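Visitor: I have a model open and would like to walk through it. Can we take it piece by piece?

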Amino acid sequence: MTLSLLIGVHHVQLAAPSGTEGRMREFYAGTLGLTEVPKPVELAARGGAWFRAPGIEIHIGAEAGFRPARKAHPGILVRDLEALAARLRAAGYCVVRDGLLPGYRRFYVEDPVGNRLEFLEPEEAV
């Protein structure tokens, strides 16, 4: 057996059109409750925004010719799926439930620019 050299995921990179940073901040920081972290000076000029919470970091990069990720998506573990679904619905987002992954309750939602996000909670946590 070969020992894996991979130890974890540092961040997930998603794209957005230039000029949508405000909408992305409202969603990722405001609705989801992540904390915005400053980008390094060398990268800040490129646009976008970075967000973090314990165990997760999401980088939003400004992309010319942007097309939302409709199939590719991050799967984000949560501790209270129902509370998050209620928060997202209250903010006007469409929550699409999916019971096809054994051992997890989950749903999908699109961020303000159409990127697909999956939120999961292990069934034993409920």
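Visitor: Let's start with Tyr 93. Where does it lie?

Guide: This is a predicted model. In it, Tyr 93 sits in the loop between helix H3 (81-90) and strand S6 (96-98).

Visitor: Which residues does Tyr 93 touch, leaving out those up to four places away in sequence?

Guide: Tyr 93 touches Phe 27, Thr 31, Leu 88, Val 109, Glu 110, Asp 111 and Pro 112.

Visitor: How far apart are Tyr 93 and Leu 5 in space?

Guide: Their C-alpha atoms are 39 Å apart, and the two residues are separated by 88 residues in sequence.

Visitor: Back to Thr 31. Where does it lie, and is it buried or exposed?

Guide: Thr 31 is in helix H1. Its relative accessible area is 11%, so Thr 31 is buried; the cut-off for buried is under 20%.

Visitor: What does Thr 31 touch, again not counting residues up to four places away in sequence?

Guide: Thr 31 has contacts with Glu 26, Arg 87, Leu 88, Ala 91 and Tyr 93.

Visitor: New topic: the open sheet. What is the order of its four strands?

Guide: The order is S1-S4-S3-S2, and the pairing is mixed. Strands S1 (12-16) and S2 (35-37) are at the edges; each has a single partner strand, so one side of each has no neighbour in the sheet. On average, neighbouring strands of this sheet are turned by 30° against each other, direction ignored.

Visitor: What holds strands together in general?

Guide: Strands of a sheet pair through backbone hydrogen bonds, in either a parallel or an antiparallel way.

Visitor: How many bridges join S1 to S4, and do they run parallel or antiparallel?

Guide: Five bridges join S1 to strand S4 (residues 56-62), and the two run parallel. Val 12 stands opposite Ile 58 in S4.

Visitor: Which helix packs on the sheet?

Guide: Helix H1 (residues 21-31) does, touching S1, S2, strand S3 (49-53) and S4. The direction of H1 makes about 5° with that of S3.

Visitor: How do S3 and S4 pair, parallel or antiparallel?

Guide: S3 and S4 pair in the antiparallel sense, over five bridges. Ala 53 stands opposite Ile 56 in S4. The two strands form a hairpin with two residues between them. Gly 55 is in the turn and has a positive phi of about 85°.

Visitor: And S2 with S3, parallel or antiparallel?

Guide: S2 and S3 run antiparallel and are joined by three bridges. Val 37 has Trp 50 in S3 as its bridge partner.

Visitor: On to charges. How many salt bridges does the count come to?

Guide: The count comes to eight salt bridges. One of them is between Arg 25 and Glu 36, with the closest N and O atoms 2.8 Å apart. That pair links distant parts of the chain: Arg 25 is in helix H1 and Glu 36 is in strand S2, eleven residues apart.

Visitor: Why do Arg 25 and Glu 36 count as partly exposed?

Guide: Arg 25 has a relative accessibility of 33%. Glu 36 also comes to 33%. Partly exposed covers values between the limits for buried, under 20%, and exposed, over 50%, so both residues fall in that class.

Visitor: What does Arg 52 form a salt bridge with?

Guide: Arg 52 forms a salt bridge with Glu 57, and their closest N and O atoms are 2.8 Å apart. Arg 52 is partly exposed at 40% relative accessible area, whereas Glu 57 counts as buried at 8%.

Visitor: What about Glu 82? Which residue forms a salt bridge with it, and how far apart are the closest N and O atoms?

Guide: Arg 105 does, with the closest N and O atoms 2.5 Å apart. Here too the pair links distant parts of the chain: Arg 105 is in strand S7 and Glu 82 in helix H3, 23 residues apart. Arg 105 is partly exposed at 22%, and Glu 82 is partly exposed at 37%. Salt bridges that share partners join Glu 82, Arg 97, Arg 105 and Glu 121 into one network.

Technical notes. Residues are numbered from 1 along each chain as its sequence is written. This is a predicted model: local features need pLDDT of at least 70, side-chain atom pairs count only at pLDDT 80 or more; totals for chains, interfaces and linings use all residues. Side-chain values use heavy atoms; hydrogens and water are left out. Two strands pair if DSSP finds at least two bridges between them. Axes are lines fitted to C-alpha atoms, for helices over the stretch in contact, and angles run from 0 to 180 degrees between N-to-C directions. Contact means heavy atoms within 4.5 Å. Buried means under 20% relative accessible area, exposed over 50%, partly exposed in between (1.4 Å probe, protein chains only). A salt bridge is a side-chain nitrogen of Lys or Arg within 4 Å of a carboxyl oxygen of Asp or Glu.
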